[in-house]
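Dear colleague,

Please find below the structure that I am handing over to you.

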Amino acid sequence: MANARALANQKLYYARVLAAAWRAELGGQNIPATVLTGAFDEPCRAHLRDAYGWFLLEILQVEPLPASPPQNCGALPQVAAGKVLPGEVRELAQLEQNGWVADILASGGTGLPASIRSPGNLATAAETPVGPDQIDAWIDLLQDTFNRMSDSLDE
């Protein structure tokens with residue numbers, strides 16, 4: 001049985017693989033960048049949200065692990081009676097409200113507003129353009145945060 005940190009690392013790796021594929025497709029210039037954003041943005045964010053959720057469970061040392069991770073601090077299980085919510089969770093909850101974690105948790109664009117979509121065109125531009133470089137930056141921020149907080153929890 002995998003632990004929460006291993007699952008978080010796996011999801012970060014999957015996001016990195018998708019970002020590399022996105023970058024390669026952009027380099028090929030065979031598919032419009034807006035279409036690639038629509039195809040890659042949300043799956044990359046989904047892996048990042050899952051990595052984040054698994055790490056939240058790692059902080060709380062939840063066992064057994066649920067089938068899927070929470071998507072934010074508000075979805076975490078209650079801490080046991082007599083235990084205090086770790087400072088790491090409070091810090092991440094703040095970043096969910098106003099910080100780079102909020103950007104990760106936001107859904108990627110689902111397409112152009114209905115008023116300007118072309119009938120029959122399923123490949124529309126994303127509303128919130130993000131690229132593989134932003135995904136890589138978020139992966140690095142999550143990895144650095146996970147490492148820093150893991151060191152703190154180990155002490």
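**Asp50 and its surroundings**

Apart from its neighbours within four places in sequence, Asp50 is in contact with Lys11, Pro69 and Gln71. Please note that the model is a predicted one. Asp50 is found in helix α2, and because its relative accessible area is 18%, under the 20% limit, Asp50 counts as buried.

One of these contacts is also a salt bridge: Lys11 pairs with Asp50, and their closest N and O atoms are 3.6 Å apart. Lys11 belongs to helix α1 (residues 4–28) and Asp50 to helix α2 (residues 33–60), so the pair ties together parts that are 39 residues apart in sequence. Are the two partners buried or exposed? Both Lys11 and Asp50 are buried.

In the whole structure, the search finds eight salt bridges. Two of them involve Asp136, and they are described here in turn.

In one, the side chains of Asp136 and Arg16 meet with an N to O distance of 3.9 Å. Arg16, at 35% relative accessibility, is partly exposed.

In the other, Asp136 meets the side chain of Arg23, with 2.7 Å from N to O. Arg23 lies in helix α1 and Asp136 in helix α5, so the pair ties together parts that are 113 residues apart in sequence. The relative accessible area of Arg23 is 33%, so Arg23 is partly exposed.

With a relative accessible area of 34%, Leu141 is partly exposed. Its C-alpha atom is separated by 9.1 Å from that of Val101, a residue 40 places away along the chain.

**Aromatic pairs**

A pair of aromatic rings is described by the distance of the centres and the angle of the planes.

Trp22 counts as buried at 1% relative accessibility, and Phe40 counts as buried at 14%.

The rings of Phe55 and Phe146 have their centres 4.1 Å apart and their planes at 20°, so this pair is stacked as well. It also links distant parts of the chain, with Phe55 in helix α2 and Phe146 in helix α5, 91 residues apart. Phe55 is buried, its relative accessible area being 0%. Phe146 is likewise buried, at 1% relative accessibility.

Helix α3 covers residues 87–97, and its buried residues are Glu88, Val89, Leu92, Leu95 and Glu96. Why do these residues lie on the same side of α3? They cover an arc of only 120° around the axis, which puts them on the same side. An α-helix has 3.6 residues a turn, so residues three or four places apart point the same way. On the face of α3 turned away from the buried side are the exposed residues Gln94 and Gln97.

**Cysteines**

A disulfide is a covalent bond between the sulfur atoms of two cysteines. How many disulfides does the structure contain? With a limit of 2.5 Å between sulfur atoms, the count comes to zero. As for burial, Cys44 has a relative accessible area of 0% and is buried, and Cys73 counts as buried at 13% relative accessibility.

With kind regards

Terms used
Residues numbered from 1 in each chain as written. Predicted model: local features only at pLDDT ≥ 70, side-chain atom pairs only at ≥ 80, totals over all residues. Heavy atoms only, no water. Buried < 20%, exposed > 50% of the residue type's maximum accessible area, 1.4 Å probe, protein only. Helix = DSSP H or I, 4+ residues; strand = E, 2+ residues; numbered from the N terminus. Arc of directions from axis to C-beta. Salt bridge = Lys/Arg side-chain N within 4 Å of Asp/Glu carboxyl O. Phe/Tyr/Trp six-rings, centres within 6.5 Å; stacked < 30°, edge-to-face > 60°. Contact = heavy atoms within 4.5 Å.
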